[in-house]
Amino acid sequence: MSESERKDTPQQAEFRAYCRDWIARNHPGEPPVRLPIAAIEIMSREQMDYLQAWQKAAYDAGLVGSDYPEAVGGGGRKDCQRIANEEMVAAKTPFYPNIIGLGMAAPTIFYHASEELKAQLLPKLLSGEEIWCQGFSEPGAGSDLASVQTFAEKKGDKWVINGHKVWTSLAHFADWMILLLRTDKSHKYDGLSYFVVPIKAALGKGVTVRPLIKITGETGFNEVLFENLEVDDSYRLDELGKGWQVAMTTLLHERGAGELVTPRAGGLKSKSAHNTSAKAVIDLARNTDRAGKAMADDSVTRDRMMRLAIREEGLKENQRRSRVAALTDHPMRLPLQNKLLMSELAQDLGALAMEIEGPASSLYLGDPNAPAGGQWPLAYMNSYGFTIAAGTSEIQRNILGERVLGLAKSK
Amino acid sequence: MSESERKDTPQQAEFRAYCRDWIARNHPGEPPVRLPIAAIEIMSREQMDYLQAWQKAAYDAGLVGSDYPEAVGGGGRKDCQRIANEEMVAAKTPFYPNIIGLGMAAPTIFYHASEELKAQLLPKLLSGEEIWCQGFSEPGAGSDLASVQTFAEKKGDKWVINGHKVWTSLAHFADWMILLLRTDKSHKYDGLSYFVVPIKAALGKGVTVRPLIKITGETGFNEVLFENLEVDDSYRLDELGKGWQVAMTTLLHERGAGELVTPRAGGLKSKSAHNTSAKAVIDLARNTDRAGKAMADDSVTRDRMMRLAIREEGLKENQRRSRVAALTDHPMRLPLQNKLLMSELAQDLGALAMEIEGPASSLYLGDPNAPAGGQWPLAYMNSYGFTIAAGTSEIQRNILGERVLGLAKSK
Amino acid sequence: MAQPNNYGFEEEAGMLKDGAKRFFADKLPVDQLHALVAHESTAERGPAVNWKPELWQEMVGLGWTALAVPEDFGGVGMPWVAVVGLLEEVGRAAFPSPLLPTLQVTAVLTQLGGGAQAALEETAGGSAATLALMDADGETSLTAVSYADGKLNGTVHFVQDAGKCDRLLVVASQNGSPVMCWVDKAAEGVTVEADAIVDLTRDQARVSFKNVVASPIAGNAQSAWAAAEPMLWVLISADMVGASEWLLQTTVEYAQQRKQFDRPLGFFQAVKHDLVNVMVAIDESKSLLYSAACALDHEPERARQLAHMAKSSASDTAAFASSRAVQCHGGIGFTWECYVHLYFKRQKHSQFLWGDASAHRAALAELLVDRAGSDAVKGVALNEAAA
Amino acid sequence: MAQPNNYGFEEEAGMLKDGAKRFFADKLPVDQLHALVAHESTAERGPAVNWKPELWQEMVGLGWTALAVPEDFGGVGMPWVAVVGLLEEVGRAAFPSPLLPTLQVTAVLTQLGGGAQAALEETAGGSAATLALMDADGETSLTAVSYADGKLNGTVHFVQDAGKCDRLLVVASQNGSPVMCWVDKAAEGVTVEADAIVDLTRDQARVSFKNVVASPIAGNAQSAWAAAEPMLWVLISADMVGASEWLLQTTVEYAQQRKQFDRPLGFFQAVKHDLVNVMVAIDESKSLLYSAACALDHEPERARQLAHMAKSSASDTAAFASSRAVQCHGGIGFTWECYVHLYFKRQKHSQFLWGDASAHRAALAELLVDRAGSDAVKGVALNEAAA
């Protein structure tokens, strides 16, 4: 029995058996296209089509959106999404492409939209037929998210939107966007409202999507410009001026600290995917010589690898302990650490891997002699995306200090 | 030729030869009393008497106060104190006991007192006949020094002082105190004034000195309570309400970043004194076995020792480079780092030494089997005095960020 | 075997932990602790054994010395996660008692099996005991004491809380193989020289054996020791985690109350982020601690690996939490009157006992790097989750 | 021999440094640099050699390739501290050129003595040159190329700026002993395969030799190499120190201008203290750099030790300054359009060349720990000064 299943309820156990069976029969195997390491790195239409078909199949089988009510296209089950996720991860299936939709838009819509809107949006979101992106950050509103300036002006029953959003992963594939807007310039927090916007339909007509290039040379993020885009008031979530509170629901789920468990697969470790883990670094050290000696036999390197292996195991155990109320004193204490620790661990793993590679870490993706195909310098550089995006590490520490430890706000 | 002397002017070279000769003839040798590691740790009258006699001898010979004008009891030389210090340090003489007087009070008096006051105070300060202490910090005014509440009320030509100072090293030996007082409660910075106060004469009559016990169990610091102590207005330095500016002169010199070079001897490394240095840690590792192997042969320990040896050498070279204008872009950039780096290095050296000692680091001063007589746990604990006193490391980083890098003030 | 999701930390364990927390808070709150152990404030105070024997009797009455002993041996047979929960509270209270060494002794005795029954009954009945085996370097080698002709000879070092204990479990070498002997501290030929130590909440001694008559406890000392080692590490790790949490909470309260520049200290990110980093370190250590304890209960094949991780992490956390507590308290944190130093000193003591962080990482590397299957490291899919 | 107080950094050195700073700022400011080297922005862009040969000719005209060559050999004979000052400016400009490898080559050639005269004249005359000796692990072992029967055979890796150089100084093994050969890159049997590298401001190649006819330069290659090594380390350290300072200053400016929560970023201690820590790291590296360079000029017996310190420190500082620059820039720092990535990538490249920080610390330990006299470590009297 796996770690988790010994605590399954009868319903969960039955669902788990069902999932396992379905996955065994429907696992797509090695994908026909080279897949990126995460959904936000999806580059080509071909990758997207393949992954959308996969999400749709899993959705149709009830493994995506299991805990959402049937009325909004969900499975109507209770505490079963986690089961499906575990089986998906264990079976190393491909990941779901609609990551922003599933992880951020869906819970926000679920808690803040009208019943009609839920029924309209959630089925195709959960099935992956409609891809979502997020319009929060702006050039002038990064850590200070509440300072967004993209403005919606009321004209009759419509809102006319002008402004500039950045870091919108998947915007070039997206049908919909969750959008944090300023509807009142006289109040910082209370002047914000939250919309869902059908952006694909408006491409070239009020919406322009431009790729942002990362330091790695990859694309993946975009900037999105709005010029007099008209949006119906019925696409507003919750009340006017409550955008900040709605955004908090989004961010809570983004940090993995929300009520609803995000559907997740993504245990796929294909030949083409890169795994940033202590085990991968240890394997690298085993296979890297320096002055005729394996780096895995170098005491200083061993000590540093073990430091990271311990952090990694601690992080994994944090995730488990966060669900044991008797061993936690504040319900948010562990969940709010997750993103901070993961991103900094990934960074430190990447940095150590490059040190182990030594001068060969200079060789990049296009070089036939690059160790691990140049994935380690790529992973190291990409780790700054993790420590910056979705609340920098500095902001995460503020949040932990203020919400969990109860220290005075730093701003 | 030593590192320094190749750049001596003829006057400096002559003075250096004189100093070297004088020290050779007057070096007191191994002291008859066990001396502490620094002046602020002086515990007994016996230690103080011995060291005062030594300072007086050096002063009489012109090696203390060399750069002060003759009119205030100095040697009337130019840029010669450094020479005397170098020779004293090289010869490992005992240190001077009047450390607060020489390092903080003297330059402050020199730049801010009337000519009469200078002539009255400086000769016996420089000679060590009168010991000085510093009354700046209060229970409620630590990092935020300008919030001192000890109040001086004007009554005719006198000021009546009430309040509570802490961390006053040497107060139990001191004849005089430099004292930062509030003379106006309506202005934070401009409500401060700066006095010199003859506290020994007032002991038991308006002044109470009580020892503060450190976490080490040692005394050395004191708290000083003022109850209706009357002080003459002639003991005020600079103008009323200019106390903060005067205090800045004191702090600048305390941080080793002032104009006047502080007379220094203190290279003494007697059997009883403990040396917190990378060399001492390396020697400890050579002489400590773990599982039959010298800790000096453990690769991880070696790496960590070298990290500290490099920091130590860098610090030493910072001190040299700070005097080479062509290799520094901001005159305060290196001097203002000195205290921060020294104190954190001392802490890290102490921590590493304790790790090298392992379980034996539990053995303290009173234990006959303690390695190095228990000096390493003592040094480690005392290092927190360095990282907290005279501006915590956090305050030092603020100062560097604001004054040198020009970043916005953090408060 | 797999670990249960909740670490097997059931209601009974929670009650034990909560009860212990109340017990220590009621019986020896920190001001009374300070008055008990820190009334003498000289640096060269010499050895001291400051504790409350009457409270120890209450703890024995609560069955705490028999907690880690299986019911087959007449013990309470609580899971390790419950014992660890109790020890966390001991650490949080910086409580001076022989509970930690006694539980360590019962762990070893239990692994010896039936031959240790009599000794286990004594500890259950209130005889405090401690392990006697470290050499002068603090290593648990077998070189310190020899056993020959029915007699023990040699000197062991760093014997924890020897001044509070009645019995010693001596691990000695008999022709190069380990034997374990149950020795009365008052026996003929036993000399206890108390150490003058920094830690005010414990005592420590070097103990010499000169022709001390003893007979080895039946059982395989070699394998018993190997099986018990992760238990020793987990027990002291629990003490460190509890003490670290006290340091964090106390410093957080200070940072909430103390104002400088018209702001609470906690406003300043230098303090706030330091304290968050301490919290993060504690949580890593605590999660690894319960995982290791749970492995002792349910997944023995991973217990050693996880206990290495737990002790390494707890040692580093203890040092870090102590350091930041003093620093963030500022001047007052550097004084004897501030209670922080009691914990600071206890932590610097625990940090190096039973292997420091580096030693445990080196041993861990033998398991994770040198063994064929580095699959022992169960990686987290970082990219996926952080994306 | 002792070091002069001012490191021997005299007016001439200052003029060279200031002039170089102006030269780079005028000729290739960072926006033009970005346009030159980063116009192609795919992750799999393949090898590229982006530079301005005409600026190289100007640099040669200024005598920079002959700076480190004594006047006896027809060079300019500037002290090492002056050369280091120039290289700091090269790093500050992240300037793409073969100056660093060429100066490294002249350092080795000079140590070889009179036999290298012809080669030195070529470099003084504008022939860019680079060292060819690293094995596939990046080590400067002698295993990569062999010399026998008047011919070179083998493959060297990580040849720096090979695409910009005309000549190679090959260090090869002749029956296990080193020989050095001066080889024309265009010679028969030389194959240059350009690497696709992360660093946009340099190029790199693996170079194979197949029966390349060459004759060793007269002189003791073994001792020349040993004497030149600290020079190689010091030169690349200078590049890293200069680049780190650019990263600091650029990030400081951003932290002054960028506002969040109605405050400049620099208000927040998380940013402020990070930047102060970067400054502190840079100053350590810079002080050690000039001390090591000065030792090359005045105190050769300490040059190796100080150069180990300088390279170890500079490598760590390069990584740290790069990391904090991206992080403190936030989102914009993660984009290709922000110039920070040019320096970030150059630094991560330099960090591991000619020995990383750990390797230099390990070598330093052999000097400071293993040698009888650890008096080599001149301690600072910490307690005294910090009291």
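This is a predicted model: local features need pLDDT of at least 70, side-chain atom pairs count only at pLDDT 80 or more; totals for chains, interfaces and linings use all residues.
Residues are numbered from 1 along each chain as its sequence is written, and chains are lettered from A and ligands numbered from 1 in the order in which they are written.

**Entry on Glu11(D).** I placed Glu11(D) in helix α1 of chain D, which covers residues 11-27; helices (H or I, at least four residues) and strands (E, at least two) are DSSP runs numbered from the N terminus. I also looked up Thr65(D), which is 54 residues from Glu11(D) along the chain, and the C-alpha atoms of the two are separated by 20 Å.

**Entry on chain A.** I found 12 helices and 10 strands in chain A. The radius of gyration of chain A is 22 Å, close to the 22 Å from the globule rule for 411 residues, so chain A is as compact as a globular protein of that length; the radius is taken over C-alpha atoms, and the rule is 2.2 Å times the number of residues to the power 0.38. The C-alpha trace of chain A spans about 75 × 50 × 50 Å along its principal axes, and 58% of the 411 residues count as buried. Among contacts in chain A between residues at least 6 apart in sequence, 69% join residues at least 24 apart, where a contact means C-beta atoms, placed from the backbone, within 7 Å.

**Entry on chains D and B.** I see 49 residues of chain D and 62 residues of chain B in this contact. On the side of chain D that touches chain B, the elements giving two or more residues include α7 (221-257), α8 (269-298) and α9 (303-329) of chain D, and α8(D) gives the most, with 13 residues. By class, this side of chain D has 26 nonpolar, 16 polar and 7 charged residues; Ala, Val, Leu, Ile, Met, Phe, Trp, Tyr, Cys and Pro count as nonpolar, Asp, Glu, Lys and Arg as charged, and the others, Gly among them, as polar.

**Entry on chains B and C.** I see 39 residues from chain B and 39 residues from chain C in this contact. On the side of chain B that touches chain C, α10(B) gives the most, with 5 residues.

Notes:
Two residues are in contact if their C-beta atoms, placed from the backbone, lie within 7 Å. A residue is buried if 20 or more other C-beta atoms lie within 10 Å of its own, exposed if 12 or fewer, and partly exposed in between; C-beta atoms are placed from the backbone.
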